[in-house]
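Please look over the model below before reading on. The explanation moves from the whole chain to a few single residues.

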Amino acid sequence: MSIVREAWRRHSWLTALALLHVLLAAILTGAALLDDTQVMGIDRWTKPIKFSSSIAIYFGSLAWFAPEIGTPRGRRWPLAIAAASLTIEIVAIVLQAARGTTSHYNVATPFDGFVFQVMGAAILVNTVAVAWCAVLAWRCYRDLPSGYRLGITLGLVMLLGASVQGTLMLTGAAHTVGVSDGGPGLPFVNWSTEGGDLRIAHFLGMHGLQALPVIGALMGQRAVLGASLVWLAIAVAALLQALAGQPLLRSL
């Protein structure tokens, strides 16, 4: 609770949104236990649970790092845009799951196509907001350098790369390479065990934002710079492996 109170002090409404997404993930988990409806071979609530959990972590991270992302006035709009765009995203994902259909890459009907277009636009807008936050964080780092601030800046840059890759997946209308979406995958994350999966590199890029500031705070600027290069190399390797149509782990 002390962590929640501190996050609230740093940025109240982003913390509130993070907590709401935690609650949403809990509600959807309950729904999954009561409802065995499947979409593309998995429980229809699995994807909304993953996205609501990920968005909760994202909003919580932005709330915690907010004091290092420009002035209160300067960060107001990019943080608001990021929050609004991903709220639209999760609403669309939950809506389509409730309808018993897919959300991403779904153009089966005019309504499905419209929802998918809205999701794509939301991700594009969020990418712009992340780039804006990265610029503000870099300026804060330049004003008062520290490993912690450098970690936040580099974490946002990693997140920006993941957001760009997410946009490319949307335009390509698939997240797997060499096989069709929806085949056998690893438990919960559902990363393909038969072909390449672009979501792995996307996941690594997104969650550098949580790891790199901690490394910077504990070990300093040189350590976080080295860790960022290693993290980037792993993410690029995962991307190249996926583009080659190779799974992270094959089915047994």
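What follows describes a predicted model, starting with its overall layout.

The protein contains eight helices and four strands. Read from the N terminus, the order of these elements is α-α-β-β-α-α-α-α-β-β-α-α. With a radius of gyration of 18 Å, close to the 18 Å that the globule rule gives for 252 residues, the protein is as compact as a globular protein of that length. Along the principal axes, the C-alpha atoms fill a box of roughly 50 × 35 × 35 Å.

Contacts and surface can be taken next. Of the contacts between residues at least 6 apart in sequence, 70% join residues at least 24 apart. Buried residues account for 46% of the 252 residues. The accessible surface of the protein is about 12600 Å², and carbon and sulfur atoms contribute 71% of that area.

Is Asn126 buried or exposed? Its relative accessibility is 5%, and because buried means under 20% relative accessible area, Asn126 counts as buried. Which residues does Asn126 touch, leaving aside those up to four places away in sequence? They are Tyr58, Ala82, Ser85, Leu86 and Ser163. With Tyr58 there is also a polar contact: the side chains of Asn126 and Tyr58 are joined at 3.1 Å.

The backbone deserves a look as well. Most residues other than glycine have a negative phi. Met40 is not a glycine, yet its phi is positive, at about 55°. Where is Met40 found? It sits in the loop between β1, residues 38-39, and β2, residues 42-43. The relative accessible area of Met40 is 45%, so this residue is partly exposed, the range for that class lying between the 20% limit for buried and the 50% limit for exposed.

Tyr105 is another residue other than glycine with a positive phi, in this case near 65°. Tyr105 is found in the loop between α4, residues 72-98, and α5.

Methods. Residues numbered from 1 in each chain as written. Predicted model: local features only at pLDDT ≥ 70, side-chain atom pairs only at ≥ 80, totals over all residues. Heavy atoms only, no water. Buried < 20%, exposed > 50% of the residue type's maximum accessible area, 1.4 Å probe, protein only. Polar contact = N/O pair within 3.5 Å; in protein donor to acceptor, adjacent residues only side chain to side chain. Contact = heavy atoms within 4.5 Å. Helix = DSSP H or I, 4+ residues; strand = E, 2+ residues; numbered from the N terminus. Rg over C-alpha atoms; globule rule 2.2 N^0.38 Å. Areas by Shrake-Rupley, 256 points an atom, 1.4 Å probe, with all protein chains shown as cover.
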